[in-house]
Amino acid sequence: MMAGGGARGELGAGWRDPDPDPDPDPASASAPAPTWALAPTPTPTPALTPASSPSLPLASESLQPLQDLTGDGGVRKEQLRPGTGQPVPPSASVAVKYSGYLGNWNKLFCSNGSSKYPRLMKLGKDITLWGLEIGLLSMTKGEAALFVLAPEYAYGQRGCPPSIPPNTMVLFKVEVLDFIDSEECDAFFELTYEQRDRLPLEKVLKVAATEREFGNYFFCKQRFKIAKDRYKRALSILGRSSSSKAEQSQINASKVLLFLNLSLTYLKLERADRALKYGELALEMDQGNAKALFRCGQACLYMREYSKSRDFLARAQCIQPFNRDINNELKKLARYYKEYMEMEKEMCCQMFDPLNSYG
């Protein structure tokens, strides 16, 4: 009920999950073995729970004066917890936890507090309550706040029967979990194909990077099918060819990141054949990419193609000899292969035992 009637490389330097940027230089022999685990994204701010939330007093009883965001008292704010970074931009898609109340914070009329992974909502499209949108534009990532919205900034003179009576002030508790600024993407997809082809490469790469960021967001929320679609959408943006070798190199570098992300996403979807395909596409552009070799090795191991898996993983180990993930995967391969051979031996014994009994 967020609408109303009122007037971000792959994910990180991790082998198990996509990264936003190219990996750092390989660790030296004396350094600790690197692990390519989940992305180096900022630690999420703990969500407000009923047990940890501060009491929600009436605005007039607040210990601090409310901030008047509109100058006419229509949207007033009390910050419960500060956030970090830049404020939410007008073109953002935001992930928020919210609860809407009437009266003295004692009548809940809408909430998504039970959702483990709140969906991304586009300002002005999915969130159309004027006062709430104004409030969100004043917030940063991780911030929690209370808002008091006058009727003209909420549900207006008519209200929203039966939940919202006419001409009613409403109260919201909001927490910004994350947001992605999609201004460049929005503008790009409004263009014709001919206009897109004439855009500078820098803008095209930025749009593709934003689409990859959306994919990363959904990947982290374990919504792998949506992540896969966003990665493929980013690839479609990079479909243009360039006569300049330098520009084509930039395009290929962006594609490699997406191929790696798609390879891992398909592993999560238990589609090892597709994971292998995208790992090999990454290797076509970068033969020495240890992560692509690792992904291919994982895919082949999943498909029980032990010889191919060993080949890919051994090549990856030559490039990253102290990488813990590669070495662990090789140990797993050895264990699986041993179990496979023992099972084969047992089957052979069972086949020939009856024959030996007639000897």
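## Helices and loops in a predicted model

At 62% relative accessibility, Arg304 counts as exposed (exposed means over 50% relative accessible area, buried under 20% and partly exposed in between, with a 1.4 Å probe and protein chains only). Before going on, please note that this is a predicted model, where local features need pLDDT of at least 70 and side-chain atom pairs count only at pLDDT 80 or more, while totals for chains, interfaces and linings use all residues. Residues are numbered from 1 along each chain as its sequence is written, and side-chain values use heavy atoms, with hydrogens and water left out.

**Loop residues**

Arg304 sits in the loop between α8 and α9; helices (H or I, at least four residues) and strands (E, at least two) are DSSP runs, numbered from the N terminus. Its phi is near 65 degrees, a positive value in a residue other than glycine. Gln222, in the loop between α4 and α5, also has a positive phi, near 65 degrees, and is exposed, with a relative accessible area of 52%. For background, most residues other than glycine have a negative phi, and most peptide bonds are trans. A cis peptide bond, with omega of about 0 degrees, joins Pro161 and Pro162. Pro162 belongs to the loop between β8 (144-149) and β9 (170-181).

Thr128 is in the loop between β6 (121-122) and α1 (130-136), and counts as partly exposed at 27% relative accessibility. Thr128 and Ala154 are 26 residues apart in sequence, and their C-alpha atoms are 9.5 Å apart in space.

**Helix pairs**

Two helix pairs can be set side by side. Axes are lines fitted to C-alpha atoms, for helices over the stretch in contact, and angles run from 0 to 180 degrees between N-to-C directions.

| Pair | Axes come within | Crossing angle |
|---|---|---|
| α5 and α6 | 10 Å | roughly 160 degrees |
| α8 and α9 | 8 Å | roughly 160 degrees |

By class, the residues of the α5 contact with α6 divide into eight nonpolar, two polar and four charged. Here Ala, Val, Leu, Ile, Met, Phe, Trp, Tyr, Cys and Pro count as nonpolar, Asp, Glu, Lys and Arg as charged, and the others, Gly among them, as polar.

In the other pair, α8 is roughly antiparallel to α9. The contact includes Leu293 and Phe294 of α8 and Phe312 and Ile319 of α9, and has 11 nonpolar, two polar and two charged residues.

Helix α7 (residues 272-285) has 14 residues and reaches 20 Å from its first C-alpha to its last, close to the 20 Å expected at 1.5 Å a residue (1.5 Å times one less than the number of residues). Its buried residues, including Ala275, Tyr278 and Gly279, pack against α5 (224-237), α6 (245-268), α8 (290-302) and α9 (306-319). Ser263 of helix α6 is buried at 0% relative accessibility. Not counting residues up to four places away in sequence, Ser263 touches Ala275, Tyr278, Gly279 and Arg295.

Key. Contact = heavy atoms within 4.5 Å. Parallel < 35°, antiparallel > 145°, perpendicular 65-115°, else oblique.
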